[in-house]
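This report walks through one protein model and its ligand. Please keep the sequence and the 3D view open while reading.

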Amino acid sequence: MDRFKIQGGRKLQGTVRISGAKNAALPAMAAALLTADTVTLQNIPHVRDIITMAKLLAHMRCRVESPDLPPSEFIIQAETVSMREAPYELVKTMRASVLTLGPLVARFGYARVSLPGGCAIGARPIDLHIQALERLGAEIKVEHGYVEARAKRLRGTTLRFPKITVTGTENILTAAVLADGETILENAAMEPEVTDLAELLIKMGAKIEGVGTSTLRVEGVDKLHGATHAIIPDRIETGTFLVAGAITGGELSLTDCEPAHLKAVIEKLRACGVEIKCEGDHKLHVRAAKKLVAADVTTEEYPGFATDMQAQFMALATQAQGVSRVRETIFENRYMHASEMVRMGANIQIDGNEAAVTGPTPLSGAPVTASDLRASAGLVLAGLVADNTTWIDRVYHIDRGYEMIEMKLQDVGANIERISGREE
Ligand code: UD1
């Protein structure tokens, strides 16, 4: 298993190119199941979850090709999809495999997808996906650890998600586009990744109104066609590098990003004293605070402060003057990184879903273990500012969602190395 070895204390300086958003690319790849034509997706990040989704589509007998190396463009053709099943072996490594459920049942009238089960950050059920598909007329059986959905043709309906769910909204949107009649999805997630998916579907011939709002109106069509689409920039990678610049006392330019998707994060970092300038539509410049001060954060659905930025913010808060109160409202168990940061010298008190981070505390390098994707990003950031050496175990978590993070960090001056399991 690979590990990261970080020698902290370097100020980061230079330019980082932001990759395409994993969480937008995954539903876009699943949406290619909706047509027999070719769907070409550009700006796909080269991360483990994307490789898993490509494997899953290939398992279903789709053609998945990429002309470049590392792949950033994917050409997907779901002409013959003789295998309409997402097996446990793939779903257990990537929950987003469940995104194939909606498109498969909408186009072929049948899907069998393994239940994802819990993960490090909480129970994460898919009950809302299932209930919504039933409302669209699918007959669902849950047995032997699999969800089996059948429908001659899905029927449009009005439904309201009792709780906002990102992949739930995406799954139902990709089902409703081929349903008979109109579907109104209320309390839909408004994340930019949902909007990006809707824009791809519209290019494929779908009729969707209300894109970017919490009510999506879909007029089902009989058939969709191929399209070419460039995936939006990764707002979480962008936010992570904003914190990397700020926490190391450095100065970074981030290119190919979408500042409009990070308003809540930028606002919060500015409240901590970090200087952030938008330079044109797709560039950000971050300069560390003269004096970093504490700020309170509550994670919320978009456009609020993203839960996927909570661990990174906590790393920053350990270096800020005062008490930062962090409240996690999306996932019930998302403080696994806190105890590792405490082992590095942070002062963090957890009480239920609230964490109080008192700073600044010098961090000292230590061996730590990554528990999930964003927790690992928080630990990398802590390692960049810690004295001595930090070893991060289980970096396969970070490889799921960050494209070449150690190389991007090395390019701007960080002392971080990947120690391959084979070298030990
Ligand atoms: C997506 C993102 C993830 C992000 C999360 C919240 C992808 C691939 N992943 O995950 O990075 O952290 O949004 O922004 O896009 N819930 C239920 N029943 C359901 C579905 C969800 O109870 O059927 C609960 C979840 O347990 C969680 C909350 O709703 O507490 C929000 O989850 P959801 O928005 O569905 O997260 P994901 O789509 O899995």
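## The ligand site

A backbone N or O atom of L128 lies 2.7 Å from an oxygen atom of the ligand. This is a predicted model, in which local features need pLDDT of at least 70, side-chain atom pairs count only at pLDDT 80 or more, and totals for chains, interfaces and linings use all residues. Residues are numbered from 1 along each chain as its sequence is written, and side-chain values use heavy atoms, with hydrogens and water left out.

Polar contacts here are pairs of N or O atoms within 3.5 Å; within protein, one must be able to donate a hydrogen and the other to accept it, and residues adjacent in sequence count only if both atoms are side-chain atoms.

| Protein atom | Ligand atom | Distance |
|---|---|---|
| L128, backbone N or O atom | oxygen | 2.7 Å |
| T165, polar side-chain atom | oxygen | 2.7 Å |
| V166, backbone N or O atom | oxygen | 2.8 Å |

On its own, the ligand has 740 Å² of accessible area, and the protein covers 88% of that. Accessible areas come from the Shrake-Rupley method with a 1.4 Å probe; for residues, only the protein chains shown count as cover.

Which residues come nearest to the ligand? They are D127, T165, T167, D308 and I330, out of 17 residues around the ligand. A residue counts as near if one of its heavy atoms lies within 4 Å of the molecule. The shell divides into 7 nonpolar, 5 polar and 5 charged residues. In this scheme Ala, Val, Leu, Ile, Met, Phe, Trp, Tyr, Cys and Pro are nonpolar; Asp, Glu, Lys and Arg are charged; the others, Gly among them, are polar.

Helices α5 (127–135) and α6 (166–176) each supply at least two shell residues. The largest share, 3 residues, comes from α5. Helices (H or I, at least four residues) and strands (E, at least two) are DSSP runs, numbered from the N terminus.

F161 sits in the loop between β10 (158–160) and α6. Is F161 buried or exposed? F161 is buried, because its relative accessible area is 2%. Buried means under 20% relative accessible area, exposed over 50%, and partly exposed in between (1.4 Å probe, protein chains only). Beyond four places in sequence, F161 touches residues including L128, A132, G168 and I172. Contact means heavy atoms within 4.5 Å.

## The overall fold

The protein has 14 helices and 24 strands. Its radius of gyration is 21 Å, close to the 22 Å that the globule rule gives for 424 residues, so the protein is as compact as a globular protein of that length. The radius is taken over C-alpha atoms, and the rule is 2.2 Å times the number of residues to the power 0.38. The C-alpha trace spans about 60 × 45 × 40 Å along its principal axes.

Of the 424 residues, 57% count as buried. Among contacts between residues at least 6 apart in sequence, 73% join residues at least 24 apart.

## Buried elements

Helix α1 (residues 22–31) is largely enclosed by the rest of the structure, because 9 of its 10 residues are buried. Among them are K22, L26, M29 and A30.

A30 is also one of the contacts of T100, as are L33, M53 and V113. T100 lies in the loop between α3 (88–91) and α4 (101–108). At 0% relative accessibility, T100 counts as buried. A polar atom of its side chain lies 2.8 Å from the backbone oxygen of S97.

R235 lies in helix α8 (residues 235–247). R235 is buried too, at 11% relative accessibility. Its contacts beyond four places in sequence include E191, E193, H261 and Y302.

## Backbone geometry

Most residues other than glycine have a negative phi, and most peptide bonds are trans. Some exceptions follow.

A cis peptide bond joins Y302 and P303, with omega about 15°. Another cis bond joins L69 and P70, with omega about -5°. P70 is in the loop between β4 (63–65) and β5 (74–77).

H144 has a positive phi near 55°. H144 lies in the loop between β8 (139–143) and β9 (146–150), and is exposed, with a relative accessible area of 67%. R394 also has a positive phi, about 60°. R394 is partly exposed, at 38% relative accessibility.
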